[in-house]
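Please look at the structure first, then read the points below.

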Amino acid sequence: MEENESSLPNASQQVKKMAYHKVNADQRTQGQYLDSDDLQATALELEWDMEKELEEPGFDHFRLDGAVQHHLGNSQSPDLDLEPIQPSASPKGRFQRLQEDPEYISHYSRQSPKSHRCSFFQILKVFCAALILFIFGIVIGYYAGKKCPSPPASPEPNSTHNYHEILKEIKAENIQQIYRDLLKSPREDDVDAAMKILLQWTSHGLEDVRLVNYSVLLDLPDSSSNTITLKNSGECFYPDGQQCSKVTKTLHSQDLLYSYAAYSAKGTLEAELVDIQYGTIEDLMRIQTTTNVTKKIALLKLGQSPLLYKLSLLEDAGFGGVLLYVDPCDLPKTTDLADKAFMVSLNSGGDPSTPGYASIDGNYRQHRLNLTTLLVQPISASLAKKLAFIPENRVQKDKCVPVQMSSTDKKIISLSIQSITTYKTISNVIGYLKGSVFPDRYVIIGSHHSSLNAYDGQEWASSTAIITAFIQALMLKVKRGWRTDRTIVFCSWGGTSFGNIGSYEWAEDLKRVLQRNVVAYVSLHNPVRGNSTLHPIASPSLQQLATESQSINCVEKTECPGSNVSSVQTQGDSDYFINHLGVPALLFSYEDINTSENASFLSEALFPMHAMRTEELDPSFKLHENIAKFSGHATLQIANEPVLPFNALDIALEVQNSLRVFLGEEVDASQLLAVASRLRDTAELFQSDEMRPANDPRERAPIRVRMLNDVLQSLEKSFLVQQAPPGLYSIFSGITGRYHREGKEPKRRRF
């Protein structure tokens with residue numbers, strides 16, 4: 001008997017050694033990485049082996065002394081300075097779910113060994129001690145309950161009611177006050193403006209806000225203005241149309257200096273001026289049949305298609321320079337910009353010295369003085385008329401007559417362009433509101449701040465005031481215990497005027513993380529450009545959400561806006577997210593132009609605006625309030641709905657309709673259209689069989705919803721086009737849609 005009892009400790013040690021060697025053997029598997037599920041499976045196998053061994057004779061009194069819990073992080077996610085946005089925990093493993101089984105305790109528990117009989121005095125001592133502790137516990141609990149505050153209420157469930165409570169806090173007077181605070185020091189540089197925004201967001205309670213700086217190559221105007229000289233008469237003009245003189249230059253130095261094309265070629269060119277209208281392929285073919293355009297200067301209208309796309313065509317045709325203007329007939333009658341020149345950027349995106357990769361310390365830099373061989377100069381419409389010899393009072397029965405040169409006279413001009421390339425610091429303001437359910441899924445809402453000494457008007461303050469007002473309203477709800485399911489990332493970008501540099505550099509720096517985790521981008525780029533028409537623009541998968549969001553105030557109105565959502569490509573900092581990451585994007589804006597599909601490209605021109613322009617367009621700031629509510633509603637829907645509010649069928653319909661226009665009557669079109677038709681049928685089946693059940697809480701399984709959302713998030717990535725033409729969408733539907741909106745024959749375009 002004594003021999004058997006002495007053997008028990010040795011047997012216990014042998015079992016522990018066996019368990020230790022088994023775990024170490026599993027963890028020393030060469031060349032493999034064990035994730036959390038594998039470790040949990042190993043724990044189950046070890047538990048089972050020990051169960052079998054402990055049930056052998058002689059181990060009736062064996063008892064485990066303790067257990068150690070191991071927690072493994074997601075080591076596959078790179079550390080890219082996204083501390084507040086850590087990847088969410090994976091679904092519960094098999095071992096953890098087994099522990100939550102109500103039968104788990106009885107299944108694995110052991111009978112406790114029989115204890116020895118206690119004496120009467122020992123029982124009495126224990127009873128007295130317990131009674132004293134019980135009395136002390138009641139007294140301490142009573143006084144602690146009076147002094148300690150009650151625990152915070154549990155977070156409220158996500159619902160439409162919560163959305164309305166948040167949006168109700170967005171008020172026009174708050175936006176107006178924020179707007180005016182931002183403009184108290186209008187001459188601040190990029191870093192100062194970014195710091196002011198950071199302090200505003202922090203004061204409203206946003207939990208994590210940081211400044212992200214990049215040193216980038218900018219093309220800034222020289223100390224003297226660019227000039228255009230008409231050689232026939234010897235007249236010299238500034239870009240705004242006024243004749244060259246020291247007095248004029250002094251009075252309008254700011255406007256004149258910034259009337260230029262950033263990253264244009266530098267130098268002087270004397271050549272014949274050739275009118276090519278909008279620079280379409282048809283315009284070029286018409287001109288080239290009668291004129292040799294090599295090293296000539298093109299007179300080009302802005303609009304109808306992206307500027308970079310048209311300049312690439314002119315460069316290939318052999319032109320040496322371009323005078324760029326906006327035809328007054330393309331502008332609303334209420335807009336008077338005929339005597340104003342403007343600025344454009346010829347940068348397709350990001351820091352030109354680090355094309356395609358982030359501008360961070362240690363990366364190779366290319367000092368690129370220009371991004372085109374063309375000498376490009378923006379001019380006012382009044383100067384374009386002078387160069388074309390068109391009388392100022394030329395009217396035709398109150399109808400606007402487009403600017404067009406006479407083909408009889410040959411006009412020789414001299415174009416002189418100077419600018420300076422230098423490295424400057426631009427800053428992004430990035431704020432995070434971490435999600436409670438899916439913190440590794442990000443909804444980005446972005447605006448931009450000033451980087452041109454307020455030359456680009458006060459549009460930056462307009463968009464920044466809207467996003468700040470939304471943060472203010474949202475954080476009031478967050479302080480009461482509510483939180484979004486997905487993480488919202490608030491961004492104010494720097495360097496937008498020079499080619500969306502801030503957003504490009506940040507996204508290139510974190511490309512791998514953003515490509516996997518970004519769900520959608522809600523843009524606030526220049527939201528109030530006019531005051532007559534609400535113009536929502538959305539990627540195909542978000543068009544239905546855009547329609548619903550612009551109707552949130554319909555309860556109080558007799559008439560609701562119709563579904564006028566356009567899929568034309570947007571301008572601004574959403575460019576990288578759309579064209580390189582395949583992220584669906586959404587933008588609400590007010591404009592004065594009804595034919596916005598073509599005229600939207602006029603926003604590529606940055607006109608000098610006085611400080612009161614925004615308040616003249618929207619004196620009550622009611623339009624700003626509407627934009628904030630529309631954008632806020634869409635953001636909350638994307639950030640909180642269990643199933644992402646994306647529409648797969650709209651993507652299929654956009655592809656099918658675009659292909660019909662793109663292919664036209666080509667013989668080989670039937671087979672490709674048949675594939676597009678099957679894509680539409682599959683999308684319909686997907687929405688009815690997969691999305692509809694997932695939206696029913698009674699049939700919703702968390703793992704299935706997660707898988708479904710991953711599919712929805714990746715839909716538009718499937719239609720990215722590699723090496724798209726400059727300035728055009730990289731989404732296939734956007735490219736074909738653009739050809740259709742130009743009203744041209746798409747089958748003639750070969751890239």
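**Helix contact and aromatic pairs**

Helix α23 (residues 669–694) and helix α24 (residues 702–713) have axes that come within 10 Å and cross at roughly 135°. The model is predicted.

**The helices α23 and α24**

- The two helices α23 and α24 are therefore oblique to each other.
- The crossing in which α23 passes α24 is left-handed.
- On the α23 side, F686, E690, M691 and A694 make the contact, and they meet R704, V705, L708, V711 and L712 in α24.
- Sorted by class, this contact of α23 with α24 has seven nonpolar residues, two charged residues and no polar ones.

**Aromatic pairs**

- A pair of aromatic rings is described by the distance of the centres and the angle of the planes.
- The count comes to 10 aromatic pairs, with ring centres within 6.5 Å as the rule.
- One of them joins Y258 and Y260, which are edge-to-face at 6.4 Å centre to centre, with 65° between the planes.
- Y258 is buried because its relative accessible area is 12%, under the 20% cut-off.
- Y260 is also buried, at 2% relative accessibility.
- F470 and F490 form a tilted pair, at 6.2 Å centre to centre and 55° between the planes.
- F470 lies in helix α14 (residues 459–478) and F490 in strand β13 (residues 486–493), so the pair ties together parts that are 20 residues apart in sequence.
- F470 counts as buried at 2% relative accessibility, and F490 counts as buried at 0%.

**An aromatic cluster**

- W493, Y504, W506, Y521, Y576 and F577 form one aromatic cluster.

Technical notes. Residues are numbered from 1 along each chain as its sequence is written. This is a predicted model: local features need pLDDT of at least 70, side-chain atom pairs count only at pLDDT 80 or more; totals for chains, interfaces and linings use all residues. Side-chain values use heavy atoms; hydrogens and water are left out. Axes are lines fitted to C-alpha atoms, for helices over the stretch in contact, and angles run from 0 to 180 degrees between N-to-C directions. Helices (H or I, at least four residues) and strands (E, at least two) are DSSP runs, numbered from the N terminus. Angles under 35 degrees count as roughly parallel, over 145 as roughly antiparallel, 65 to 115 as roughly perpendicular and the rest as oblique. A crossing is left-handed if the near helix is turned anticlockwise from the far one by less than a right angle, and right-handed if clockwise. Contact means heavy atoms within 4.5 Å. Ala, Val, Leu, Ile, Met, Phe, Trp, Tyr, Cys and Pro count as nonpolar, Asp, Glu, Lys and Arg as charged, and the others, Gly among them, as polar. Rings of Phe, Tyr and Trp (its six-membered ring) pair if their centres lie within 6.5 Å; planes under 30 degrees apart count as stacked, over 60 as edge-to-face and the rest as tilted. Buried means under 20% relative accessible area, exposed over 50%, partly exposed in between (1.4 Å probe, protein chains only).
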